[in-house]
Amino acid sequence: MDLREKKGRPSSFIERRSSMHQKPISNEAQLLQRFRNINRNSKGEIVMSDLQIALSDESWTPFDINVVKILFNLYDHNQSGGIGFVEFCKLWNSFEKLRNKFRSYTKTNTDEITVNELRETLSKDFSPFSVRLLNSIFKRFNVSQTENVKFETYIKCWITMEQLTRQFRQLDKDKDGFVELDFNSYVSLIFTEL
């Protein structure tokens, strides 16, 4: 559904649906149709606001612009300020994988996971985390200050952890899980990934 077709706010009788429960796009034709629906400038590339519409889908709540920026910048490979259809397909497939992974960890079938569910998914995907480190990660990404993690927050956390893990592995030449860094290298690593 193209959100631009709806003028203003949804009617009170329209049930608000979480983006967690939207029907997945299963083929390239459906992705092409979605891409065309959100491509407002008709130049063959979508901009950040178009992507925000695509990710929001039927939830009527704008997808967190900070998450949109992260995803957009990851897939705007030529830094043109636009994402073409091929890039959009890659982005959408990654988005769906993260959504499915998130869904597999939520035991309450909601659009939130608990801290323990977050620990479980991060430990499985990256490395076992100490409780102290997990609490730091949780505080860093849980801007809503709730006891649960929303899907958008999960995406930010997961992408950041993936980038940091990739950077660490590049530095861990002997693959023993330890690296030696001077202060400048450490700060450079952190700022590169933030």
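In what order do the elements of the protein chain run from the N terminus on? In this predicted model, the order is α-α-α-α-β-α-α-β-α-α. Counted up, the secondary structure comes to eight helices and two strands.

A look at the chain as a whole comes next. The protein chain has 194 residues, and 40% of them are buried. Of the contacts between residues at least 6 apart in sequence, 59% join residues at least 24 apart.

Some of the surface is nonpolar. Leu171, Leu181, Phe183 and Tyr186 form a patch of this kind, and together they have about 400 Å² of accessible area. One of these residues, Leu171, belongs to helix 7, which spans residues 151–171. Leu171 counts as partly exposed because its relative accessibility is 36%, a value between the 20% and 50% cut-offs.

Most residues other than glycine have a negative phi. Gln79, however, is not a glycine and has a positive phi near 55°. Gln79 sits in the loop between helix 3 (65–75) and helix 4 (85–105), and it counts as exposed because its relative accessibility is 72%. Lys175, also not a glycine, has a positive phi of about 55°. Lys175 is found in the loop that lies between helix 7 and helix 8 (183–193). With a relative accessible area of 60%, Lys175 is exposed.

Technical notes: Residues are numbered from 1 along each chain as its sequence is written. This is a predicted model: local features need pLDDT of at least 70, side-chain atom pairs count only at pLDDT 80 or more; totals for chains, interfaces and linings use all residues. Side-chain values use heavy atoms; hydrogens and water are left out. Patches are made of residues with over 30% relative accessible area and no salt bridge: like charges are joined within 9 Å, nonpolar side chains (Val, Leu, Ile, Met, Phe, Trp, Tyr) within 5 Å. Accessible areas come from the Shrake-Rupley method with a 1.4 Å probe; for residues, only the protein chains shown count as cover. A salt bridge is a side-chain nitrogen of Lys or Arg within 4 Å of a carboxyl oxygen of Asp or Glu. Helices (H or I, at least four residues) and strands (E, at least two) are DSSP runs, numbered from the N terminus. Buried means under 20% relative accessible area, exposed over 50%, partly exposed in between (1.4 Å probe, protein chains only). Contact means heavy atoms within 4.5 Å.
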